[in-house]
Amino acid sequence: FGASHPFIRTEYELETLDGEGGLFPPHRLAQLQGDHPRHHRAEPGKRYAGLLDVAGEEEEGSGPNAWDNAARRDSTALTVVEVETRGRELPVYRVVDRLAWTGTRHTALHAQLLDLVRNVWGMSALVVDATGVGAGLASFLADALGRGPRRVTVESFIFSGASKSELGWDSLGLIDGGRFKEYADDGDELTRVYRH
(Lines give C-alpha, C1' and ligand atoms only; values in the text may rest on other atoms or scores of the structure.)
Protein backbone atom coordinates (compact mmCIF):
# COMPACT_ATOMS: atom_id res chain seq x y z
CA PHE A 1 0.00 0.00 0.00
CA GLY A 2 2.79 2.46 0.72
CA ALA A 3 3.53 4.53 3.83
CA SER A 4 1.07 7.32 2.91
CA HIS A 5 -1.87 4.95 2.28
CA PRO A 6 -4.77 5.76 4.67
CA PHE A 7 -5.05 2.12 5.76
CA ILE A 8 -1.38 1.99 6.79
CA ARG A 9 -1.59 5.38 8.48
CA THR A 10 -4.72 4.53 10.49
CA GLU A 11 -4.15 0.84 11.26
CA TYR A 12 -0.38 0.67 11.75
CA GLU A 13 0.73 4.21 12.52
CA LEU A 14 -2.44 4.85 14.56
CA GLU A 15 -2.86 8.29 13.03
CA THR A 16 -6.15 10.13 13.08
CA LEU A 17 -6.85 11.47 9.62
CA ASP A 18 -8.44 14.87 9.46
CA GLY A 19 -9.88 16.59 6.39
CA GLU A 20 -6.79 16.17 4.23
CA GLY A 21 -8.79 16.30 1.02
CA GLY A 22 -10.60 12.97 1.30
CA LEU A 23 -9.45 9.97 -0.68
CA PHE A 24 -8.04 12.08 -3.50
CA PRO A 25 -5.93 14.92 -2.06
CA PRO A 26 -3.68 16.82 -4.48
CA HIS A 27 -0.70 14.46 -4.05
CA ARG A 28 -2.81 11.41 -4.98
CA LEU A 29 -4.33 13.19 -7.99
CA ALA A 30 -0.76 13.96 -9.08
CA GLN A 31 0.15 10.28 -8.76
CA LEU A 32 -2.85 9.32 -10.91
CA GLN A 33 -1.77 11.56 -13.77
CA GLY A 34 -0.06 9.63 -16.53
CA ASP A 35 1.81 10.98 -19.51
CA HIS A 36 0.36 8.57 -22.08
CA PRO A 37 -2.20 9.82 -24.64
CA ARG A 38 -5.85 8.89 -24.85
CA HIS A 39 -6.68 6.32 -27.53
CA HIS A 40 -9.94 5.34 -29.19
CA ARG A 41 -8.90 1.90 -30.44
CA ALA A 42 -6.43 -0.85 -29.63
CA GLU A 43 -2.79 -0.59 -30.59
CA PRO A 44 -1.14 -3.76 -31.94
CA GLY A 45 0.66 -5.90 -29.38
CA LYS A 46 -1.01 -4.34 -26.33
CA ARG A 47 -3.39 -5.99 -23.87
CA TYR A 48 -6.64 -4.33 -22.77
CA ALA A 49 -9.33 -4.83 -20.14
CA GLY A 50 -12.56 -3.00 -19.42
CA LEU A 51 -14.32 -1.81 -16.29
CA LEU A 52 -18.07 -1.34 -16.78
CA ASP A 53 -20.18 0.56 -14.24
CA VAL A 54 -23.85 -0.04 -15.09
CA ALA A 55 -26.59 2.55 -14.52
CA GLY A 56 -30.33 2.51 -15.11
CA GLU A 57 -31.95 3.13 -18.46
CA GLU A 58 -34.52 5.64 -19.74
CA GLU A 59 -36.77 5.95 -22.78
CA GLU A 60 -34.55 8.64 -24.35
CA GLY A 61 -30.90 7.76 -23.76
CA SER A 62 -27.70 9.32 -25.01
CA GLY A 63 -24.16 8.19 -25.65
CA PRO A 64 -21.47 7.33 -25.92
CA ASN A 65 -20.35 10.72 -24.66
CA ALA A 66 -17.19 12.24 -23.38
CA TRP A 67 -17.04 11.90 -19.62
CA ASP A 68 -19.33 14.65 -18.30
CA ASN A 69 -20.47 15.02 -14.72
CA ALA A 70 -22.21 18.34 -15.34
CA ALA A 71 -25.64 16.75 -15.69
CA ARG A 72 -25.24 14.90 -12.36
CA ARG A 73 -27.20 11.97 -13.78
CA ASP A 74 -26.05 8.41 -13.39
CA SER A 75 -24.45 7.00 -16.51
CA THR A 76 -23.24 3.62 -17.62
CA ALA A 77 -19.50 4.11 -17.94
CA LEU A 78 -16.82 2.03 -19.63
CA THR A 79 -13.21 2.58 -18.62
CA VAL A 80 -10.65 0.96 -20.91
CA VAL A 81 -7.26 0.13 -19.41
CA GLU A 82 -4.07 -1.07 -21.04
CA VAL A 83 -2.58 -3.82 -18.90
CA GLU A 84 1.22 -3.84 -18.97
CA THR A 85 2.89 -6.94 -17.58
CA ARG A 86 6.08 -7.29 -19.65
CA GLY A 87 9.19 -7.13 -17.50
CA ARG A 88 7.16 -6.33 -14.38
CA GLU A 89 6.48 -8.24 -11.23
CA LEU A 90 3.03 -6.66 -10.88
CA PRO A 91 0.89 -5.24 -13.71
CA VAL A 92 0.46 -1.54 -14.38
CA TYR A 93 -2.96 -0.30 -15.49
CA ARG A 94 -3.13 2.72 -17.81
CA VAL A 95 -6.54 4.22 -18.53
CA VAL A 96 -6.63 4.84 -22.28
CA ASP A 97 -10.29 5.71 -22.87
CA ARG A 98 -13.59 6.41 -21.13
CA LEU A 99 -17.09 6.31 -22.57
CA ALA A 100 -20.40 7.11 -20.88
CA TRP A 101 -24.02 6.51 -21.84
CA THR A 102 -26.79 8.31 -19.94
CA GLY A 103 -30.13 6.53 -19.83
CA THR A 104 -29.34 4.21 -22.76
CA ARG A 105 -31.42 1.03 -22.86
CA HIS A 106 -29.37 -2.03 -21.94
CA THR A 107 -30.61 -3.90 -25.03
CA ALA A 108 -29.09 -1.22 -27.28
CA LEU A 109 -25.98 -0.96 -25.13
CA HIS A 110 -25.35 -4.72 -25.24
CA ALA A 111 -24.59 -4.80 -28.98
CA GLN A 112 -22.38 -1.71 -28.80
CA LEU A 113 -20.44 -3.09 -25.85
CA LEU A 114 -19.86 -6.40 -27.64
CA ASP A 115 -18.37 -4.51 -30.58
CA LEU A 116 -16.23 -2.28 -28.37
CA VAL A 117 -14.91 -5.20 -26.31
CA ARG A 118 -14.20 -7.56 -29.22
CA ASN A 119 -13.55 -5.47 -32.30
CA VAL A 120 -12.41 -2.02 -31.18
CA TRP A 121 -10.30 -2.99 -28.17
CA GLY A 122 -9.77 -6.75 -28.41
CA MET A 123 -10.11 -6.96 -24.63
CA SER A 124 -8.97 -10.02 -22.74
CA ALA A 125 -11.13 -9.25 -19.69
CA LEU A 126 -14.16 -7.20 -18.67
CA VAL A 127 -15.27 -6.51 -15.09
CA VAL A 128 -18.98 -5.62 -14.93
CA ASP A 129 -20.90 -4.02 -12.08
CA ALA A 130 -23.53 -6.72 -11.56
CA THR A 131 -25.23 -4.98 -8.64
CA GLY A 132 -28.97 -4.38 -9.02
CA VAL A 133 -29.78 -3.16 -12.54
CA GLY A 134 -26.38 -4.35 -13.79
CA ALA A 135 -27.08 -8.04 -13.13
CA GLY A 136 -28.94 -8.65 -16.38
CA LEU A 137 -26.44 -6.86 -18.61
CA ALA A 138 -23.54 -8.60 -16.84
CA SER A 139 -25.15 -11.99 -17.44
CA PHE A 140 -25.82 -11.32 -21.14
CA LEU A 141 -22.28 -10.01 -21.69
CA ALA A 142 -20.75 -13.01 -19.91
CA ASP A 143 -22.78 -15.38 -22.08
CA ALA A 144 -22.00 -13.63 -25.38
CA LEU A 145 -18.31 -12.93 -24.71
CA GLY A 146 -17.58 -16.32 -23.16
CA ARG A 147 -18.26 -18.16 -26.42
CA GLY A 148 -16.35 -18.52 -29.66
CA PRO A 149 -12.69 -18.38 -30.58
CA ARG A 150 -12.12 -14.89 -29.13
CA ARG A 151 -13.38 -15.55 -25.61
CA VAL A 152 -13.25 -12.70 -23.14
CA THR A 153 -13.14 -13.32 -19.39
CA VAL A 154 -16.13 -11.52 -17.86
CA GLU A 155 -16.15 -11.06 -14.11
CA SER A 156 -19.30 -9.87 -12.36
CA PHE A 157 -18.63 -7.59 -9.41
CA ILE A 158 -21.36 -7.15 -6.81
CA PHE A 159 -21.07 -4.13 -4.57
CA SER A 160 -21.64 -4.67 -0.85
CA GLY A 161 -20.27 -2.87 2.16
CA ALA A 162 -17.33 -5.26 2.36
CA SER A 163 -16.57 -5.52 -1.38
CA LYS A 164 -16.80 -1.73 -1.82
CA SER A 165 -14.39 -1.17 1.08
CA GLU A 166 -11.93 -3.75 -0.24
CA LEU A 167 -12.13 -2.27 -3.75
CA GLY A 168 -11.48 1.20 -2.36
CA TRP A 169 -8.42 0.15 -0.37
CA ASP A 170 -7.06 -1.90 -3.28
CA SER A 171 -7.56 1.02 -5.65
CA LEU A 172 -5.71 3.41 -3.35
CA GLY A 173 -2.90 0.86 -3.08
CA LEU A 174 -2.60 0.71 -6.88
CA ILE A 175 -2.52 4.51 -7.12
CA ASP A 176 -0.05 4.98 -4.26
CA GLY A 177 2.19 2.26 -5.73
CA GLY A 178 2.28 4.01 -9.13
CA ARG A 179 0.44 1.14 -10.82
CA PHE A 180 -2.72 2.97 -11.98
CA LYS A 181 -2.38 5.95 -14.32
CA GLU A 182 -4.90 8.10 -16.16
CA TYR A 183 -4.29 9.32 -19.70
CA ALA A 184 -2.91 12.85 -20.15
CA ASP A 185 -5.74 15.35 -20.52
CA ASP A 186 -6.51 19.06 -20.38
CA GLY A 187 -5.91 19.09 -16.62
CA ASP A 188 -9.54 19.33 -15.50
CA GLU A 189 -10.98 15.90 -16.38
CA LEU A 190 -8.99 13.98 -13.77
CA THR A 191 -10.30 16.18 -10.96
CA ARG A 192 -13.89 15.92 -12.25
CA VAL A 193 -13.78 12.11 -12.42
CA TYR A 194 -12.25 11.59 -8.97
CA ARG A 195 -14.20 14.27 -7.11
CA HIS A 196 -17.56 12.68 -8.04
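1. Is His106 buried or exposed? In this predicted model, His106 is buried, because its relative accessible area is 13% and the cut-off for burial is under 20%.

2. The chain as a whole gives the setting. Its 196 residues include 40% that are buried. Six helices and seven strands are present, and their order from the N terminus is α-α-β-β-β-β-α-β-α-β-α-β-α. Of the contacts between residues at least 6 apart in sequence, 75% join residues at least 24 apart.

3. His106 belongs to helix H3, which covers residues 106-120. Its side chain reaches the backbone oxygen of Ala55 at 2.8 Å. Leaving aside residues up to four places away in sequence, His106 touches Val54, Ala55, Gly56 and Glu57, as well as Thr76, Val133 and Leu137.

4. The buried residues of H3 are His106, Leu109, His110, Leu113, Leu114, Leu116, Val117 and Val120. After H3 comes Gly122, with a positive phi near 55 degrees.

5. The pairing of H3 with H4 can be set out in more detail. A packed pair of helices is described by the angle and the distance between the two axes. For H3 and H4 (residues 134-145), the axes come within 11 Å and cross at roughly 40 degrees. The two helices are therefore oblique to each other, since roughly parallel would need an angle under 35 degrees. The crossing of H3 and H4 is right-handed.

6. On the H3 side, the contact is made by His106, Leu109, His110, Leu113, Leu114, Val117 and Arg118. On the H4 side, Leu137, Phe140, Leu141, Ala144 and Leu145 take part. By class, the residues of this contact between H3 and H4 divide into nine nonpolar, two polar and one charged.

7. His106 links several of these points. This residue of H3 is buried, takes part in the contact with H4, and has Leu137 among the residues it touches. The side chain of His106 also reaches the backbone oxygen of Ala55.

Terms used: Residues numbered from 1 in each chain as written. Predicted model: local features only at pLDDT ≥ 70, side-chain atom pairs only at ≥ 80, totals over all residues. Heavy atoms only, no water. Helix = DSSP H or I, 4+ residues; strand = E, 2+ residues; numbered from the N terminus. Buried < 20%, exposed > 50% of the residue type's maximum accessible area, 1.4 Å probe, protein only. Polar contact = N/O pair within 3.5 Å; in protein donor to acceptor, adjacent residues only side chain to side chain. Contact = heavy atoms within 4.5 Å. Axes fitted to C-alpha atoms, helices over the stretch in contact; angles between N-to-C directions. Parallel < 35°, antiparallel > 145°, perpendicular 65-115°, else oblique. Left-handed = near helix turned anticlockwise from the far one by under 90°. Nonpolar A, V, L, I, M, F, W, Y, C, P; charged D, E, K, R; others polar.
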